[in-house]
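Look over the sequence and the model, then read the points below.

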Amino acid sequence: MPAPIAVSCGEPAGIGLDIIEKAWNVLKGDMSFFLIGDPAHLPGTVPCKVIAAPTEAAGVMPFALPVLAQDFATPRVPGVPDAAHAKHIITAIRRGTDLAMSGAACAICTLPIHKKALKDGADFPYPGHTEFLAHLGRVDNVVMMLASDQLRVVPATIHIPLADVPAALTPDLLRDTIRITAKGLCTQFGIADPRLAVAGLNPHAGEGGAMGLEDARIIAPVINELQAQGYDLTGPLPADTMFHAAARARYDAAICAYHDQALIPIKTLDFDRGVNVTLGLPFIRTSPDHGTAFDIAGQGIANPSSTIEALRMAWRMACAA
């Protein structure tokens, strides 16, 4: 049995605490995890028990949600983020990461944060969770993968304007993205010889230069180089024919040029069960593929499916490692 999964509480005003209780109710007989957060913030729809150390989580898990207490300055008000919570949210992420890096936790699953609240309350200098975790893990390059049972996708460029993508999609970036993805599939997903499909940037992958030159000048040479090194790659492929069922059966993950090229197909195929996985870290990290949803926080109606799948995926990855 792996060590338990550490779950950082994320933004208390959002739906994270609502759905972790629902996730415990579904998964309490299947795995072990614990929440790092303020027990007073929990909605109280299920029993919880404060633990002194992660080693206690497995014994508590069958009858209560284990909580490694992280005291916050003020109460939770669903739907209303409080800047006073920011430093405590960041501390919870740090604690979870430290536990995952030490082996006391087998992985960290991060519940959604609200970046503006962290910036307003603690001058948080990172664009999001991923960059902060890379800093904590002391690595320069990481890859964001969105994964479900039907599809795994990796955007090479992420949260930048579409107009900036061609300049950002450099050979070095694409090369690193492919290498990190292949290694992660091997070491964390147990796929010995991962097959990667690489999408073109332009319609029809440039159609021989008629619809853009980036595919031939940037993407194809990197693919050829890495194929010569033994990577199982196909591409650049027209993105509009990469995601039907027969095409998906031919690869283990798709490397995409930009954010929407990757996220539209997975959210269309499996909106509620997509999981955010960060590859390239020295520990396992998963997260639900949604935000804080302030508009429904505290109402008991938030769908826990993505968090349940994020926990299941982290557990499977830990068992495969």
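Arg175 is buried, at a relative accessible area of 15%. Buried means under 20% relative accessible area, exposed means over 50%, and partly exposed lies in between, with a 1.4 Å probe and protein chains only. This is a predicted model: local features need pLDDT of at least 70, side-chain atom pairs count only at pLDDT 80 or more, and totals for chains, interfaces and linings use all residues. Residues are numbered from 1 along each chain as its sequence is written, and side-chain values use heavy atoms, with hydrogens and water left out.

**Salt bridges around Arg175**

- The side chain of Arg175 forms a salt bridge with that of Glu225 (3.0 Å, N to O).
- Arg175 lies in helix H7 (residues 171-189) and Glu225 in helix H8 (residues 214-228), so the pair ties together parts 50 residues apart in sequence.
- Helices (H or I, at least four residues) and strands (E, at least two) are DSSP runs, numbered from the N terminus.
- Glu225 is partly exposed, at 29% relative accessibility.
- A network of salt bridges links Asp172, Arg175 and Glu225.

**Other salt bridges**

- The structure holds eight salt bridges; the term means a side-chain nitrogen of Lys or Arg within 4 Å of a carboxyl oxygen of Asp or Glu.
- One of them joins the side chains of Asp18 and Arg76 (3.1 Å, N to O).
- That pair links distant parts of the chain, 58 residues apart: Asp18 is in helix H1 (residues 16-27), and Arg76 is in the loop between strand S4 (65-69) and helix H3 (86-102).
- Asp18 is buried at 7% relative accessibility, and Arg76 is buried at 14% relative accessible area.
- Asp270 forms a salt bridge with Arg273, with the closest N and O atoms 3.2 Å apart.
- Asp270 is buried at 5% relative accessibility, whereas Arg273 is partly exposed at 40% relative accessible area.

- Strand S11 (residues 275-279) is mostly covered, with five of its five residues buried.
- Val275, Val277 and Leu279 point one way from S11, while Asn276 and Thr278 point the other way.
- S11 runs antiparallel to strand S6 (residues 143-147), joined by five bridges; two strands pair if DSSP finds at least two bridges between them.
- Met145 has Val277 in S11 as its bridge partner.
- Three bridges join S11 to strand S12 (residues 285-288), also antiparallel.
- Val275 stands opposite Pro288 in S12.
- The hairpin of S11 and S12 has five residues between the strands, and Gly280 takes a positive phi near 100° there.
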